[in-house]
Protein chains: 2
Amino acid sequence: LNHEKMEEAREHINTLTKPVGSLGKIEELAIQLSGITNQVYPVVTRPGIVVFAADHGISEMGVSAYPKEVTAQMVYNFLDGGAAINVFAKQINALLKIVDIGVAEEINHEQLLHKKVKYGTNNYLYENAMTEAEATQALLVGMETAQQLLDEGARCIIVGEMGIGNTTTASAIASVITGCSVEEAVGLGTGISNENRKEKVSIIAKALEERKPIRNDAIDILMKVGGLEIAGMTGAIIKASEKRIPIILDGFISTTAALLAVLLEEKVKDYLIAGHLSKEQGHYHALTFLNKSPLLDLGLRLGEGTGAALSFPLLEAATNMVKEMATFQSAGIANERQEDK
Amino acid sequence: LNHEKMEEAREHINTLTKPVGSLGKIEELAIQLSGITNQVYPVVTRPGIVVFAADHGISEMGVSAYPKEVTAQMVYNFLDGGAAINVFAKQINALLKIVDIGVAEEINHEQLLHKKVKYGTNNYLYENAMTEAEATQALLVGMETAQQLLDEGARCIIVGEMGIGNTTTASAIASVITGCSVEEAVGLGTGISNENRKEKVSIIAKALEERKPIRNDAIDILMKVGGLEIAGMTGAIIKASEKRIPIILDGFISTTAALLAVLLEEKVKDYLIAGHLSKEQGHYHALTFLNKSPLLDLGLRLGEGTGAALSFPLLEAATNMVKEMATFQSAGIANERQEDK
């Protein structure tokens, strides 16, 4: 972060026609965006959204409320414009890329970015989710896709995902990196029963015992539990932060990608904005570990980048505030009473 | 509210391509909007924002961090497009009306709606803030302005205000209606010291003892403590709800107008949406009394309608979700596994 620009931004914001600090988090956001982009008047439009889709071998253990085929079916839905992320992307005039980074079946559609690394991960209860080479390749796919969005004009990156079973993998990652218990890292996913949730906890605990991912080694964690879409998001986050572009995290899964990105490069943390707090309980632990306070808290648990997209207008408002508001001086308004100070 | 339409909306939302309930408050919002507007596919654009401006005689007691002249100066700022509400209104493509309902001086500007009822309220520490006729007239001004916005195409109403000293009046109203103590109803306003806050509490307590506003009588409360802009917002809220138009409340002051509106007409409550939770502590008590959960919590304490405007994209998202998302059937996607149900 450029702390000089942040100080300049703060001073400018304090001259705008409103009581100092009265726009709360919007002001803090504007200052963070100045530090990220190196501009007192930061720009975040157009936003670019990338949704990475992949399957998880662990889904054959029945950890999700939905069958595995739904991953591919939802990818078609993204490509046909019918999913929630399509609707919210359109509302904020975002560039939207759908990437097959590891769906278990072939998907044919001209709008799809075909970057399949593998036909879904292996079931990590029994073997590593992928090889080290595959993990690295998935990271590179993520970096490359983020670069493509930046080349097309994106000035803010939203990372989203689709992958039946991926809250299971995200819980494994969150537990390994943040040190919270598996119990704390597991929620109800897309809507499983409490009984199924208990099974999910014990499957993850057993898998972690078998795989023993190394806490501070992002590649090792990805190789052992996956997932391919999480690696893609990790790569995209790293690339965007390298280019001083703000990244809005979505829910639990994307935040575990951020945990991995921060392991790879500590400075990434400064470029992250938490779009919302998911209802999936592991998200709270992941955000706390990153020391991030979410912009929205709407009880969402969908993913796809939807919560991040919903929060985007707040970033836009922050940048518009800085750019368009009058100052006390330009508007000829009396400032605070002397005697009260 | 039309409960049949709400049920229809809920059933439709449950067929959309996402796990049931996974869009949390966005789904609840969509259902409420269906009940309000009597439409399964509700429309909230364009939003209409009305900012009522007025002065408060009580401000001569030094209850605000800013001198009284700032009310008129900020009105010019609104009219010239330099205030936060101008910036946020533009971002959401809102109709914006600025109404002089009681500023203490003459304001000349062709964009201003001149509906002055009185040159500021009287200092209610010593006498009633206004007459009963003035209170009623201010309510009518509010109703008339809301109608004007609806005639120009507004399908959602945001009520905002400007008035140096109006957190003091709002605290008095909140304390009278919700029964919370004056201490609980008073915050730091636009930024006073803790010492000045104590004075503010004792001034309000003394004024309430002198004026003895009647808890269930909105006109009596307005007459005894004011304010003119609060009465304007109350009238606008009543008119919008009569026309089945959703109203987004802003912060503390606008929510006290809602408290008064609900006293006048209980059903109004159903039409209210809490845009955000203000940092001004009385707001929490007022929202709790109305049983409303705020969409945003960003530590704002500005007013003008800004927090409501910032929350508007969430209403838009709710309506877009209902209208534009594919259903499981139309997208050919498998629904939840049978065995997990």
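1. A:A54 stands opposite A:G102, a residue in strand 2 of chain A. Strand 1 (residues 47-54) and strand 2 (residues 95-102) of chain A pair in the parallel sense over seven bridges. Strands here are DSSP runs of E with at least two residues, and helices are runs of H or I with at least four, both numbered from the N terminus. Two strands pair if DSSP finds at least two bridges between them.

2. This is a predicted model: local features need pLDDT of at least 70, side-chain atom pairs count only at pLDDT 80 or more, and totals for chains, interfaces and linings use all residues. Residues are numbered from 1 along each chain as its sequence is written, chains are lettered from A in the order in which they are written, and side-chain values use heavy atoms, with hydrogens and water left out.

3. The sheet in chain A is open, with six strands in the order 3-2-1-4-5-6 and parallel pairing. Strand 3 (113-114) and strand 6 (272-274) of chain A are at the edges, each with a single partner strand, so one side of each has no neighbour in the sheet.

4. Chain A splits into domain 1 (3-42 + 322-331) and domain 2 (47-314). These bounds come from an automatic or database domain assignment. The domain centres, taken over C-alpha atoms, are 32 Å apart. Nine residues of domain 1 contact twelve of domain 2, where contact means heavy atoms within 4.5 Å.

5. The two domains of chain A bury about 810 Å² between them, 60% of it on carbon and sulfur atoms. Buried area is the accessible area (1.4 Å probe) that two parts lose on being put together, summed over both. A:K25, A:L29 and A:I36 supply 57% of what domain 1 buries against domain 2, more than any other three residues.

6. Which chains bury about 4900 Å² between them? Chain A and chain B do, with 58% of that area on carbon and sulfur atoms. In contact are 61 residues of chain A and 60 residues of chain B.

7. Two salt bridges cross the interface of chain A and chain B. The rule asks for a side-chain nitrogen of Lys or Arg within 4 Å of a carboxyl oxygen of Asp or Glu. One of them joins the side chains of A:K90 and B:E324 (3.4 Å, N to O). Helix 13 of chain A gives the largest share of the side of chain A that touches chain B, nine residues.
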